[in-house]
Every structure is written in structure tokens, then in C-alpha cells.
Amino acid sequence: MIRLMEPTSYDLIVIGSGPAGESGSAAAALFGKRVAMVEKSPLVGGASANTGTLPSKTLRESALAISGLKARDLYGVDLSLRREATVAEFMYHERRVTANERKRVERNLSRNGVVLYHGAASFVDPHTIRVVTEVPGHNAGHGHGGRHDHDHDHGPARTSELRLRGEIILIATGSGPVRPAEFPFNHPRVLDSDTILQLDRLPRSLAVVGAGVVGSEYACTFAALGTEVWIVDGRDELLPFLDHEVSKALEDSMHRQLGIEFLWKNRVVQCEAHEYGDITLEFDTGGRLCVDAVLVTAGRASNTAALNLPAAGLEPGHRGLLTVDAHYRTSVPHIYAAGDVIGFPALASTSMEQARVAMCHAFHQTFKSDLAPLLPTGIYTIPEVSMVGTSEEDLQAQGVDYVVGRASYAHCARGEIIGDQSGFLKLIFRRDDMKLLGVHVMGEQASEIVHVGVVAMLADATAELFNRTCFNFPTLGDLYKIATYNALLKREQGTT
């Protein structure tokens, strides 16, 4: 083992190069700090760039384009998939997008003077990080006739070790998929949200175990390409954190438009997978399901197991989660954590903001002191769903009197143009002063449309804002005007 005994000192050491790590390191560098980043993978960008956010959303867009699904509702147009799409076609755009994102991250780090180390990080003490990198063995020799003997090209791999000392440390190691013991993940067609990107062919049929966000998104993507899809879950409601009306509308649309079947109140107790033939799932209800492939989306666990946290004075919680305060500082004052490693909401967008808040606090900067109190949720199912604020069920539980305004894509000129017949915008206002309390969207560009509502709610806007606003025509933004008029009319009539 090669050792560098004297640690190199930095103002900040960031562990992980995902959205939180990148944003945190760039912020500190802009403050004039000397920053080092340690990334275990040869590729930068974390799960967001390589296995999660960008790949899954890009695959969704590829599925929509290849299948012609977006165009199926346009009058007189049929671009339905008429041939078997190859995996190379399906994955091409995803691989290009993720490669470009990695290059963007590398450029950002380089431009800000962040020193990047590739290797496995672990704590030696609260300020010292050990970085171990595997070094390929040297060439063991060639045959005398010039033939390269590939079986004996390299000697055994070695490891190099160096140590870094940081005044401040940011843990941004992200999370990875949980792998329940019932599933044989060594089988090439038993997949999790990482390995599904390694498919060599599109499955004929797919069981998605877990009706959370990741499972629902991938279910829609593959169903759009003609794969028979079943969603299996022990619960009886799709994405129960959504407004109930939106949840039911999404479930209905996924079934009606994509053919996805939901097997509610079924838990997998056994998964039998042989080298050839179908994979068989057995449920606690006694039922069985035979499919070509299985995607298990059983939640995620923080990537903290290899960090030797006790050496830093830290103790992880359930599934490796780290506990932080409002400034994203752990129980050790100079060690911060941000992103998936601290749990909910575990979004790329919130991870970036958390890291910026953490670094501003760590280096006594006033640029950003906290996160916005309202965080939008975007779910890239087909159709797309997004929300911010409260649901009807929340307000009913709180005893708040409210009024709902609705606007259908089908009754909006732009919605008619793009052929979205099922989309809608739902605005929830407090009845007495018509303050906007919740925004819920299902349909094309929902995750974009919600931002109008986010900004309005952050400004404590009432219905009067949308009443006075002139939206471009034809646009989906005009849905806000239509929904607001609907709510004002209901308020006048004394209905909900």
C-alpha cells in the first residue's frame, strides 16, 4: 500500500459529487475557500446524473418520442409504435444527456478550483478523511513474439491512500436502492432503480414492486413502450401524499391510457427466478404473477455505511440517515450533511439548496440563510403530476374553510392544441380572503406549470393576482386564470 502520511489541508472537504456536493463545493469556492471533493465513483454527478433523476426523466421523454404517445390524441395523427424499439434506440438519448451532465459538473468543479479526488472516503477523526483508491497493477510482461497475453497482462491491483484535513466537512454521499432479501438481485432480470439502466432488451412484461414515485415513473415509461406492466403494493392508494383527487385521476389515467394494472394490498413473499423463463412472484394473499422482469422499488438508504462515522462522533439513524439542524449541521458542529443522506424530501432541487444554506452558515455568509418554506413536488409519470402547498384533505383535517377552482386542459386552447384531454389544474383558496393555499397539476408540463403557483404562494398572493394577470394566449399558464374564475364563481355561489 502506498501511503501519504501528511494530510493535505482544506477549508472544506465535500464527500460526494451529486447535486448537494457540487452546489456546496461551488458555493464555498465562490466564498474564496480552498475546497476538496472526494468521489468514490469514477464518474461525477452522483445518482442524480448517473442512475436517478436525469436518466429516468430522459428515458421518459425517449419513451414518449419513440412510442408516439404524445401525438396519439391529435386529430388525424397516428404515430403509434409500429416496430420493436431496440434498447440502443431507447437508451441513446439518456446516455448522451447523462454524459453531458457529467461534463458540466466537471467543468463547474474545475472552474471553481475544486480539487477532485477519486476514491473511497472514510473518517479517521472528526477533521481527517482517509481516501483509498485502487490502482491497477503494472503490466506483467508480454510474450517474446510480441503477442499480448491478456490473461497475464496485469499484476494484482494495489491501493493508494492519502489523507485530507478539513476545517469544515460536508457529507453529501446520497442514497442507494434498498434490496429486500426476498429478491435474487444477482438475476439479470431482477432489477432495482440502478440496474434497470443496464437492461439489454425491453422486457415483454414487468412487475414493479412498490407504488412510490420511482416505481410509478418507471412503470409509465415502460408501459408507454408497449411493455405489459403491473404495479404491486401492500397499500391501496397511489402516492398517498398527493391530493386524493389527483391521486385517483393519475391512477385512472395510468390504467386507461397505458394499460397499467394495479395489484393493491399484495405483498411479495417470494420471488422465484431461474436462468430462463418467466420470473414468478408469490403474494401474501396467495396470488401469483409471472413476468419477464421485476423492478423492485422498496425505498432508498443513505450511503453512510462505509464512512466510519463513529470516528467522527456521528451515529447514523434508520437506513443510515443523518440528523441535522436548520442549518444542515450534524451533532458535530463543523460537519454538515445535505441531500438524500439526510432523508426527505430527497430531491435534486432541495439538495442543492440545502448545501448552499449549509455552506453559508459554515463560512458565516449571509447570501442564503434558509430554504423557502414551500417546496414543489414534481412526479414524472405519464401524465406528469406536480404540487405545492396543502391538499383538500389537509384543510379538512385542519377545519379550514376553502374553495376550489379547477381548469381542464381540454377547455384551454393550448391544452387542445397539444392533445391533452385528461390534464387539469386545481387551485385551493382560503374562502374568507381567497389566499392561495395549494396548487395541484396533472398533465403535460405539470412540473413547469406549478412554478407559477409556487411564486404566487411565496408572495402570499390571493385570487386577485391571477384575476389581474394577463397570460399569453394560447398557453397552459392561462389555466391559472380559468381556475381562478372558477373559484371566484363558486365563492359567489357559496359552494366548494
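Let's start at Met-434. Met-434 sits in the loop between strand 22 (424-430) and strand 23 (436-442). Keep in mind that this is a predicted model. The phi of Met-434 is near 55°, a positive value, and Met-434 is not a glycine. Why stop at that? Because most residues other than glycine have a negative phi. So is Met-434 buried or exposed? Met-434 has a relative accessible area of 4%, so the residue is buried.

Now a second case, Arg-319. Arg-319 also shows a positive phi without being a glycine, about 55°. Look for Arg-319 in the loop between strand 17 (300-302) and strand 18. The relative accessibility of Arg-319 is 37%. Arg-319 therefore counts as partly exposed.

Stay with the backbone. Most peptide bonds are trans. Which residues here are joined by a cis peptide bond? Phe-344 and Pro-345 are, with omega about 5°. Pro-345 is in the loop that runs between strand 18 (335-337) and helix 7 (348-362). Phe-473 and Pro-474 are also joined by a cis bond, and there omega is about 0°. Pro-474 belongs to the loop between helix 11 (463-468) and helix 12 (479-493).

Next, some strands. Find strand 14, residues 279-283. Is strand 14 enclosed or open? Of its 5 residues, 4 are buried, so strand 14 is largely enclosed by the rest of the structure. Strand 14 pairs with strand 13 (residues 268-272), antiparallel, over 4 bridges. In that pairing, Cys-271 stands opposite Leu-281 of strand 14. The hairpin of strand 13 and strand 14 has 6 residues between the strands. There, Gly-277 takes a positive phi near 85°.

Strand 14 has another partner. Strand 15 (residues 288-291) pairs with strand 14, again antiparallel, over 4 bridges. Leu-281 stands opposite Leu-289 in strand 15. Strand 14 and strand 15 form a hairpin with 4 residues between them. Gly-286, in the turn, has a positive phi of about 95°.

On to the inside. In soluble globular proteins, nonpolar side chains tend to be buried together. The largest nonpolar core here has 49 residues. Which members touch the most others? Leu-12, Phe-123, Leu-164, Ile-171 and Met-359 do. Strand 7 (residues 158-171) gives the largest share of this core, 6 residues. Another core lies apart from it, with 40 residues, including Leu-197, Val-229, Ile-379 and Phe-424.

Zoom in on Leu-12. Leave aside its neighbours within four places in sequence. What is Leu-12 in contact with? Its partners include Gly-24, Ala-28, Val-35, Ile-168, Leu-170, Met-359 and Phe-363.

A quick word on cysteines. How many disulfides does the structure hold? The count is 0. Cys-360 has a relative accessible area of 2%, so Cys-360 is buried. Cys-470 has 76%, so Cys-470 is exposed.

Last topic: charge. Side chains of opposite charge can pair when their charged atoms come close. How many salt bridges are there? The count comes to 29.

Here are a few. Glu-61 and Arg-60 meet in a salt bridge, 2.8 Å from N to O. Glu-61 is partly exposed, at 34% relative accessible area. Arg-60 is buried, at 5%.

Arg-104 and Glu-101 form another, at 2.9 Å from N to O. Both lie in helix 4 (residues 87-111), 3 residues apart, about one turn of the helix. At 32% relative accessibility, Arg-104 is partly exposed.

Then we come back to the loop where we began. Lys-435 forms a salt bridge with Asp-460, with the closest N and O atoms 3.4 Å apart. This pair links distant parts of the chain, 25 residues apart. Lys-435 is in the loop between strand 22 and strand 23, and Asp-460 is in the loop between helix 10 (446-458) and helix 11. Lys-435 counts as partly exposed, at 22% relative accessibility.

One more. Which residues are linked in a network of salt bridges? They are Arg-189, Arg-201, Arg-204, Asp-278 and Asp-292. That's my tour.

Definitions and conventions
Residues numbered from 1 in each chain as written. Predicted model: local features only at pLDDT ≥ 70, side-chain atom pairs only at ≥ 80, totals over all residues. Heavy atoms only, no water. Core = buried A, V, L, I, M, F, W, Y, C linked by side-chain atoms within 4.5 Å. Buried < 20%, exposed > 50% of the residue type's maximum accessible area, 1.4 Å probe, protein only. Helix = DSSP H or I, 4+ residues; strand = E, 2+ residues; numbered from the N terminus. Contact = heavy atoms within 4.5 Å. Pairing = 2+ DSSP bridges. Disulfide = S-S within 2.5 Å. Salt bridge = Lys/Arg side-chain N within 4 Å of Asp/Glu carboxyl O.
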